[in-house]
Amino acid sequence: MGNLSPVSSAVIAVDIGGTHLRAALVAADGAVIGEVRRVRADFSRLDAAATGDAVVAVIVDRLRQAIAPWLDQAARIGIGFPGYISNGVVMGSPNIPALHEVALAERLADALHRPVVVENDANCAALGEWRFGAGEQAVSLLHLTLGTGVGSGLIRRGAIFSGDQGMALEMGHLRVDWRPDARRCGCGGLGCLEQYASATAVARAYGHGVEAAEVHARACDGDGRAKELFAQAGAALGGAIAQAVKLLDLRAVTISGGMIGAWDYLAPALERAMEANLLPPQQGKVTVRASTLHDHAGLLGAAALVM
Ligand SMILES: [Zn+2]
């Protein structure tokens, strides 16, 4: 591995998205020493017939470019990836369908000559929040990310709980609306949480072609419809979190993503719906906090994978 400089306890963290990737050099205490925020890696532009090999080649190429300055300062690489991951193998990815049962961690380790750990991006966010953020190293932590969809992860005694196929805690696809005309989800289901509580869903329900941040700005200006949509999102979240608490007996929940900018509109409805749906001994015992890591939860979790 060559000669490592004195900061060799640092690790390289990578967050791969559908169109870009981010990377950082992270110290053992979670401090970000260096960061590249938007390296273009537009997998959606790959040919429809692209193979897993073609996708891996793009990832290797962009990663080399992004992390080259740090390779002599860090011995290990942790990566968050948008897909179902089991022991470093991408079982499938809704955003990058060409990756199906590809041993991504092993392929990247061979190409980059470093140990590489790959985990689901929502699980990484959960681990980051548990280790460095509002999760405060709770015995069990449920973390939700509200963005384009709703991602979630569970940390249990410091370890990610990822299930048998890397698909545990797909809370975005829990049904929260049981009316026959509930919203249809991209997964094929009806009434899924992410159709009510993601930033995309709130923006779509508001209409007028605006994004969730603008819906928030309008709520702050007194727009009743905007406020109501955040309250509906909060209520959907609270109901779903109560179900998770009944399944898993949790006391700590954290939430990250662009939607937490509207926390003041989300949180009251969330708390009400959650408390109303908990078992009596659980009421008043579950803490739901907004992330303290801004948009770094995923990257810091990727770093924590290899610390
Ligand atoms: Zn769904």
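1. Ile12 stands opposite Leu25 in strand E2. The strands concerned, E1 (residues 11-16) and E2 (residues 20-26), pair in the antiparallel sense over six bridges, and three residues separate them in a hairpin. Strands (E, at least two residues) and helices (H or I, at least four) are DSSP runs numbered from the N terminus; two strands pair if DSSP finds at least two bridges between them.

2. This is a predicted model, in which local features need pLDDT of at least 70 and side-chain atom pairs count only at pLDDT 80 or more, while totals for chains, interfaces and linings use all residues. Residues are numbered from 1 along each chain as its sequence is written.

3. E1 also pairs with strand E4 (residues 77-81), here in the parallel sense over four bridges. Asp15 is placed opposite Gly80 of E4.

4. Six of the six residues of E1 are buried, so the strand is largely enclosed by the rest of the structure. A residue is buried if 20 or more other C-beta atoms lie within 10 Å of its own, exposed if 12 or fewer, and partly exposed in between, with C-beta atoms placed from the backbone. In a regular strand, side chains alternate between the two faces of the sheet. In E1 both faces are covered, with Val11, Ala13 and Asp15 on one side and Ile12, Val14 and Ile16 on the other.

5. Leaving aside neighbours within four places in sequence, Ile12 is in contact with Ala23, Leu25, Ile67, Trp70, Ala74 and Ile77. Contact requires C-beta atoms, placed from the backbone, within 7 Å.

6. The largest nonpolar core has 102 residues, and Ile12, Ala13, Val14, Leu193 and Phe230 have the most contacts inside it. Helix H7 (residues 224-248) gives the largest share, 13 residues. Domain 1 (11-124 + 297-305) and domain 2 (137-291) both contribute residues, so this core lies between them. Such a core is a set of buried Ala, Val, Leu, Ile, Met, Phe, Trp, Tyr and Cys residues joined through C-beta atoms within 7 Å; the domain bounds come from an automatic or database domain assignment.

7. Five strands form an open sheet of mixed pairing, in the order E10-E9-E8-E11-E12. Its edge strands, E10 (159-160) and E12 (287-290), each pair on one side only. Within this order, E8 (residues 140-146) and E9 (residues 150-156) are antiparallel over seven bridges, and Leu146 has Val150 in E9 as its bridge partner.

8. Overall, the protein has nine helices and 12 strands, and buried residues make up 48% of its 307 residues.

Definitions and conventions: Two residues are in contact if their C-beta atoms, placed from the backbone, lie within 7 Å.
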